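Some labels used for a protein model rest on cut-offs.

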Amino acid sequence: MTPIWLENSDALSRRAADHVAALLADKPDAVIAVPTGATPLGLYRRLIALHDSGTFDSQRARFFNLDEFVGKPADDPRSYGHFLWQHLFRPLKIQPHQVRLLRGDAADPDAECLAFERAIEDVGGLDLAILGLGRNGHIAFNEPGSDWSAGTRQVALTEKTRAAQAVLYPDPAEVPAAGLTMGVATIKRAKAILLLVAGDGKDEAVAALLRGIPDQNWPVTALLDHPNVTFIADRHVRQRH
Ligand code: GLP
């Protein structure tokens with residue numbers, strides 16, 4: 001997999017936004033899975049600017065999230081659902097019927113995950129899955145050792161992933177221990193994938209990907225045999241070896 005190395009996260013955001021805007025201009029009813037985290041924030045800002053200047057129309061697009069914390073409803077400011085409404089959906093004038101989020105507070109998480117999978121199938125599958133990368137190589141909440149044939153399901157979060165959230169919680173014991181996540185198999189059924197990598201501590205995960213050998217310990221390497229991956233990375237990731 002050949003990365004497109006860009007000079008900084010701003011350039012990455014612009015390139016990624018052009019990619020997504022081109023899809024939406026070509027296919028206004030595109031079905032897109034969207035990530036949370038620091039990496040996509042610049043992409044979302046740039047995409048909103050492109051939308052506001054009339055580059056594409058957002059009213060027929062459909063959106064799914066990649067993951068959510070168990071126990072967190074979308075109106076909790078620490079939920080991924082809240083993040084997406086704040087940074088992407090509301091500024092893009094997206095209507096609730098265009099969005100299907102994993103409900104972290106679902107009474108029956110297994111049923112919720114099945115319903116979520118069915119909702120993706122009902123709209124014809126994902127045209128694009130936009131992914132960030134966890135420091136331990138996770139994609140969505142598919143942590144190292146995950147079953148690559150699994151669909152959307154509840155998973156335990158690693159200490160590393162929980163530690164990354166700790167800043168939002170006064171009491172570390174309150175950091176959610178589990179998440180709901182799109183499975184690796186669900187993600188790989190997307191017609192196209194846009195993998196974005198920026199930020200500290202990702203050099204090892206990127207090195208695993210560049211080795212080109214699928215490795216269960218690095219979930220991102222599950223993407224190696226996907227036929228349509230665009231991999232955009234901030235070149236500082238490479239320099240931090
Ligand atoms: C979380 C999310 C992932 C995201 C990752 C990287 O663990 N579950 O979907 O890709 O963080 O986040 P960041 O972009 O902030 O480095």
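Q: Which residues does I32 touch, leaving out those up to four places away in sequence?
A: In this predicted model, I32 touches A61, F63, L126, D127, L128 and I130.

Q: Which residues have the most contacts inside the largest nonpolar core?
A: I32 is one of them, and the others are A33, A129, I130, L131, L195 and L196. The core has 63 residues.

Q: Why is A129 called buried?
A: A residue is buried if 20 or more other C-beta atoms lie within 10 Å of its own. A129 has 28 C-beta neighbours inside 10 Å, so A129 counts as buried. A129 lies in strand β6, residues 128-131.

Q: What is A129 in contact with, leaving aside its neighbours within four places in sequence?
A: The contacts are A33, I187, A190 and I193. The C-alpha atoms of A129 and V31 are separated by 8.6 Å, and these two residues are 98 residues apart along the chain.

Q: What makes up the contact of α1 with α2?
A: S9, D10, S13, R14, A16, A17, V20 and A21 in α1 meet G42, L43, R45, R46, L47 and L50 in α2. By class, seven of these residues are nonpolar, three polar and four charged.

How values were computed
Residues are numbered from 1 along each chain as its sequence is written. This is a predicted model: local features need pLDDT of at least 70, side-chain atom pairs count only at pLDDT 80 or more; totals for chains, interfaces and linings use all residues. Two residues are in contact if their C-beta atoms, placed from the backbone, lie within 7 Å. Helices (H or I, at least four residues) and strands (E, at least two) are DSSP runs, numbered from the N terminus. Ala, Val, Leu, Ile, Met, Phe, Trp, Tyr, Cys and Pro count as nonpolar, Asp, Glu, Lys and Arg as charged, and the others, Gly among them, as polar. A residue is buried if 20 or more other C-beta atoms lie within 10 Å of its own, exposed if 12 or fewer, and partly exposed in between; C-beta atoms are placed from the backbone. A nonpolar core is a set of buried Ala, Val, Leu, Ile, Met, Phe, Trp, Tyr and Cys residues joined through C-beta atoms within 7 Å.
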